[in-house]
Amino acid sequence: MMICCILTLLLLGAQLALSIPNNFFYHDFRKGNGNKEIHFSGVKLHVDSAQPAVFAATGDNVTLPCRFWYEPELTSPREPRVKWSWQPAAGGHETDVLVAIGSRSRSFGEFRGRVQIRQDFQGDAALVMTNLMLNDTGRYHCEVVDGLEDKSTSVYLELRGVVFPYQHPRGHYHLSFLAAQQACEQQASTLATFSQLFQSWKEGLNWCNAGWLADGTVQYPMTRPRVPCGGDGLAPGVRNYGRRHLQLHRYDVFCFSSTLQGKVYYLQPSHTMNLTEAQQACQEDGAQVAKVGQLYAAWKLSVLDRCDAGWLADGSVRYPITRPRRNCGPSEPGVRSFGFPPPQHKHGVYCYKSGDEFM
């Protein structure tokens with residue numbers, strides 16, 4: 001009985017081997033031969049990106065490269081399914097950006113209306129994004145699906161801008177992770193990523209107080225090691241406290257701001273003003289009191305240099321220096337801070353006008 005069963009299985013296997021060729025079939029109900037059946041014989045799908053990373057600034061339009069091709073080359077054009085998804089720099093779930101088949105496409109969420117497939121040539125699946133936002137930083141995944149074939153590649157989008165430390169008005173180490181997120185948003189910025197902080201450290205950012213980053217870690221950049229900041233025996237670098245409890249632990253925060261869509265300027269008053277008078281002065285000039293992120297962006301990206309202390313929207317008093325000189329603070333460029341003085345104190349004010357208002 002056992003011998004009969006084995007012989008039967010061997011005969012069945014031989015029949016299957018004779019009936020199934022070395023290639024595979026799949027159905028494409030949009031294009032194909034008369035039977036709506038496409039026959040691949042050793043054809044391989046390839047997907048690639050011309051560059052691993054793309055750099056841009058808020059408000060820019062940018063193209064994330066992705067192309068696909070077949071080997072050997074096909075004689076008739078194909079319309080595979082192209083899907084772009086996004087992994088935020090802060091981590092979390094991957095989010096759909098766009099799905100396209102031929103000329104038909106659909107975008108999702110905050111990307112709706114801001115993205116499209118370029119399609120400049122056969123196999124072009126590049127993603128065109130318009131009006132970049134601060135939170136668009138992250139890894140974008142380009143996936144091409146054609147029948148049983150599924151290939152993908154990734155491109156990292158990094159926004160250019162400036163990283164700055166920020167603390168609560170009551171002083172150092174008062175911010176939970178959620179409060180840190182809100183503090184950055186209130187100052188026209190977002191939580192900095194590690195790569196943004198690391199780049200700023202390479203450019204000279206030296207700050208002794210630990211702050212939250214977008215991934216939930218707490219770190220700080222040190223270019224000149226010293227005893228109160230981890231010890232003078234340690235090499236320069238970005239110190240890492242690791243991941244901390246998002247609700248229980250309290251630190252400062254590192255925020256990130258990108259290109260301004262307007263202009264920050266010092267309002268030259270006939271007399272210094274308290275905070276309420278400063279707010280009114282900016283309003284009368286068709287503007288609003290500048291936020292901390294806007295002042296940092298103007299200092300770093302628009303080379304704003306002013307040796308006059310002025311109110312900002314959060315109640316702090318600061319001034320930007322790109323050309324250090326006598327009586328204007330330390331010997332290196334930066335945004336000088338007087339902290340959060342009582343609102344009745346008298347100072348000038350930094351105002352902000354959006355692009356439309358300024359024109």
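Here is a short chat about reading a sheet and some aromatic rings in this predicted model.

Me: How do strands of a sheet pair?

Reply: They pair through backbone hydrogen bonds, either parallel or antiparallel. Here, look for an open sheet of three strands in the order S5-S11-S10, with antiparallel pairing. S5 (62–64) and S10 (115–117) are the edge strands, each pairing on one side only. On average, neighbouring strands of this sheet are turned by 25° against each other, ignoring direction.

Me: What is the bridge partner of Val62 in S11?

Reply: That's Met129. S5 and S11 (residues 127–129) pair over three bridges in the antiparallel sense.

Me: Okay, rings next. What describes a pair of aromatic rings?

Reply: Two things: the distance of the centres and the angle of the planes. The whole structure has 15 aromatic pairs. Among them, Phe198 and Trp201 are tilted, at 5.4 Å centre to centre with 35° between the planes. Both sit in helix H3 (residues 194–202), three residues apart, about one turn of the helix.

Me: Is Trp201 buried or exposed?

Reply: Buried, because its relative accessible area is 18% and the cut-off is under 20%. Phe198, at 32%, is partly exposed.

Me: Which pair links distant parts of the chain?

Reply: Tyr319 and Phe338, also tilted, at 6.0 Å centre to centre and 35° between the planes. Tyr319 is in strand S23 (residues 317–321), while Phe338 is in the loop between strands S24 (334–337) and S25 (348–354), 19 residues apart. Tyr319 is buried at 8% relative accessible area, whereas Phe338 counts as exposed at 51%.

Notes: Residues numbered from 1 in each chain as written. Predicted model: local features only at pLDDT ≥ 70, side-chain atom pairs only at ≥ 80, totals over all residues. Heavy atoms only, no water. Pairing = 2+ DSSP bridges. Helix = DSSP H or I, 4+ residues; strand = E, 2+ residues; numbered from the N terminus. Axes fitted to C-alpha atoms, helices over the stretch in contact; angles between N-to-C directions. Phe/Tyr/Trp six-rings, centres within 6.5 Å; stacked < 30°, edge-to-face > 60°. Buried < 20%, exposed > 50% of the residue type's maximum accessible area, 1.4 Å probe, protein only.
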